[in-house]
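Visitor: Hi! Could you walk me through this structure?
Guide: Happy to, let's have it on screen.

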2 protein chains.
Amino acid sequence: MSWKRELERILVNARPAAANAGQWSSDFKKKLLVDIAARIEKKTAWLIAENRKDLVIAKTRGLSSSMIDRLTLDATRVQAMAKGLRAVARLKDPIGRVQAKWKRPNGLRIQKITVPLGIILMIYESRPNVTVECAALCLKSSNIAILRGGREAMASNRAFVSIFKESLKHFWLSPFFVNLVTTTDYKAVDFLLRQEGRIDLVIPRGGEKLIRRVVEKSRIPVIKHYQGICHVYVDKKADLKKAVAITLNAKLQRPGVCNATETLLVHRDIVSKFLPMVAQPLRQGGCEVRGDEMTCRYIPWAKRAKASDYGFEFLDKILAVRVVRDLEEAIRHIETYGSHHTDAIVTEEKKAAEIFKSKVDSSSVMVNASTRFSDGFEYGFGAEIGISTDKIHARGPMGLEGLTSYKYIVEGNGHIRV
Amino acid sequence: MSWKRELERILVNARPAAANAGQWSSDFKKKLLVDIAARIEKKTAWLIAENRKDLVIAKTRGLSSSMIDRLTLDATRVQAMAKGLRAVARLKDPIGRVQAKWKRPNGLRIQKITVPLGIILMIYESRPNVTVECAALCLKSSNIAILRGGREAMASNRAFVSIFKESLKHFWLSPFFVNLVTTTDYKAVDFLLRQEGRIDLVIPRGGEKLIRRVVEKSRIPVIKHYQGICHVYVDKKADLKKAVAITLNAKLQRPGVCNATETLLVHRDIVSKFLPMVAQPLRQGGCEVRGDEMTCRYIPWAKRAKASDYGFEFLDKILAVRVVRDLEEAIRHIETYGSHHTDAIVTEEKKAAEIFKSKVDSSSVMVNASTRFSDGFEYGFGAEIGISTDKIHARGPMGLEGLTSYKYIVEGNGHIRV
């Protein structure tokens, strides 16, 4: 039960740290993050050496080559992390912003001001850059991070967090502003998920299984993202050149990510023109097509789709294709099979776009743009904590604002309620 | 298991209803709510008769007189409910509002637009007016309500919901826009709390026990409010007349509600002047005082406070009093014993107010105003769903905005990601 002592120590010290962090000036936070970036750069060789320890174990455990690739650090990657830290340092401070202010008829002056959430538990898998990113975003938003990374990256995560703590010490601050859970016992995670009132928010990042487990166990609010089953719908009045470009980009630019498109819906009036146009470049891109009967008529090399291919997150160079009767059927398909993540229409007709924008209940609705744009950086947030498929608190790409709450400041002159 | 069939029927029909409600115009929602108000007025006698059925059972069950009072309807109360509906009808539509819009350097136009949450489960206790209020606020925000009221008010709740459904029918709409759970089996609640993905938000209203149970069982996000342990701190530079008025109002104007003050903190420099001033009117108001040693010296009739009196929600005419060394000790007391609901400082010194506003981590921080102002109506929201002591999604008094989410609309011209 030594992990319990470790976690208690973190939890007991995290709350006073949170109260302190809420008072940090924007300038100080900038200075702190720039200092951490410099320390990371200076210690590149050591970080790579620590990372090697993880890689040695990973290889003996037989991790897949893609997992090992994500785990591996080199000078370029460490450099990129330092650069990322400096970019976070430059972002606008999300704390202390007056979201609204007004005066009541009785003279009370009310302000709604952003404040930190407090203590945030991040649960994620192998990539060590997530450690640096999450810790940086929490510091920038004056939140305390409790980081529970994957066991595969433990040595790397320890190394990075030690650099954060080194910098905190340099500024005479408590080490508990950034915390790493160093036990790999899953009971420790379950214990943390029951610490309602001591932890303010849980953000799991990783596979669906991990996230479902967290949601099931947690008594603390969870912000999460299960699946990205994104659609591109090519309407009858689409500019077909745009439609081809968007389909290819949405499917093939990076098939393994959540905002990649999984299903293409095509209005039946343009099938005979559009499908042959898009088939060739899809094939050249190495993409498998699984289509309904009509699709297979126009793309002879396509496979017949099974019912389960619709609403499936391939995360691969596989595209499900279905021909629909009209816009309404496309919207119904998205409602039935989608995950409310990101869905796009390609059309030159304003009315169709209006209906699609209004009726499709997804966190991002695209008109004549690739689903791949659904991303905190592409939206100009300067950071991305994750993409929420919830509707509570934060929805869609979540920037620093997602790590804030607010409070009401009410100023009177001896006001009493009558 | 017949309740399961009833609930399945509601859940299956609620999602299409939600999609439909998202398309309602502001004008239509206004018309609908005004129509319901008129029907309630017209049926006052019948509503009172139905309410009598609840009262008969309540009396045989031996409910407390205050419970019975809260349950009882008369013409004035029904009239007030109709008036409340018309007030909600007049509120600004919270849906379809552009919260932000911007253009990216690549030409993409992005809008962030409010949308309904979808399907909201309300779990609450006896008062039938909560049924009308929650149903009205859900309709106004284009959300589907699933109402699970107390068994004590079942006949009344059935009557009110039937009037909502009558009006929906009048407008040729599905009855599933407003739903009442008519089973009192607690298993039905547990079943609903597991319907993640089919219900979007749970709002429990009632005693702490009810709320803790909901949080423990729910896999759906919950917005809640446990306790209101509110403080008034009288600083050394306070205007003592204001301090007396605020203390009396905060404690005695309505002691049974969550924004009533439970503990008074007094700076030691002004104890000898302030405590005698406030003691007399407190006593006249029938208020018991439980103070520390110093307090008892200046209020001879006060009882000695036990440690457990601090941080206790009396919800009654009882006030805990403690003398503090300085502002910092007051803030520490609030941090240790408070519930982050509402806390007030009385001071004429700007610096002390600044420190208090910044350091006190409560959803509402009052300066020279009674804690009783922490209320959706007093803040000008025109409605109150509840008061959240969470920091996620909504914090503090929660108006219609708390029943909305948003989506991003991204418009391009064939944009693809590079």
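Guide: What follows is a short tour by question and answer.

Guide: Some ground rules: this is a predicted model, in which local features need pLDDT of at least 70 and side-chain atom pairs count only at pLDDT 80 or more, while totals for chains, interfaces and linings use all residues. Residues are numbered from 1 along each chain as its sequence is written, with chains lettered from A and ligands numbered from 1 in the order in which they are written.

Visitor: Thanks! Into which domains is chain A divided?
Guide: Domain 1 covers 2-224 + 397-410, and domain 2 covers 230-373. Those bounds come from an automatic or database domain assignment. Taken over C-alpha atoms, the centres of the two domains of chain A are 36 Å apart.

Visitor: And how many residues has the largest nonpolar core?
Guide: It has 138 residues, and Ile120(A) and Ile120(B) have the most contacts inside it. Such a core is a set of buried Ala, Val, Leu, Ile, Met, Phe, Trp, Tyr and Cys residues joined through C-beta atoms within 7 Å. A second, separate core of 55 residues includes Leu264(B) and Val278(B). "Buried" needs 20 or more other C-beta atoms within 10 Å of a residue's own, "exposed" 12 or fewer, and "partly exposed" is in between, with C-beta atoms placed from the backbone.

Visitor: What does Ile120(B) touch?
Guide: Leaving out residues up to four places away in sequence, its contacts include Cys138(B), Ile144(B), Asp200(B) and Leu403(B). Contact here puts the C-beta atoms, placed from the backbone, within 7 Å.

Visitor: Switching topic: at what angle do helix 1 and helix 8 of chain A pack?
Guide: About 35 degrees, with the axes of helix 1 (residues 2-21) and helix 8 (residues 186-193) 10 Å apart. Axes are lines fitted to C-alpha atoms, for helices over the stretch in contact, and angles run from 0 to 180 degrees between N-to-C directions. Helices (H or I, at least four residues) and strands (E, at least two) are DSSP runs, numbered from the N terminus.

Visitor: Which residues meet there?
Guide: Trp3(A), Lys4(A) and Leu7(A) from helix 1 meet Ala188(A), Phe191(A) and Leu192(A) from helix 8. By class, this contact has five nonpolar residues, no polar and one charged. Ala, Val, Leu, Ile, Met, Phe, Trp, Tyr, Cys and Pro count as nonpolar, Asp, Glu, Lys and Arg as charged, and the others, Gly among them, as polar.

Visitor: How many residues of chain A are in contact with chain B?
Guide: 58 residues of chain A are in contact with 57 residues of chain B. Strand 16 of chain A gives the most to its side, with 11 residues. That side of chain A has 22 nonpolar, 19 polar and 17 charged residues.

Visitor: Now the backbone: what is phi of Leu315(A)?
Guide: Near 55 degrees, a positive value in a residue other than glycine. Leu315(A) is in the loop between strand 10 (303-304) and strand 11 (318-324) of chain A.

Visitor: What about His340(B), buried or exposed?
Guide: His340(B) is buried, because 24 other C-beta atoms lie within 10 Å. Its phi is also positive, about 60 degrees, although it is not a glycine. You'll find His340(B) in the loop between helix 13 (327-337) and strand 12 (342-346) of chain B.

Visitor: Last one: where is Ser388(B)?
Guide: Ser388(B) lies in strand 14 (residues 386-388) of chain B. It counts as buried, with 22 C-beta neighbours inside 10 Å.

Technical notes
Contact = placed C-beta atoms within 7 Å.
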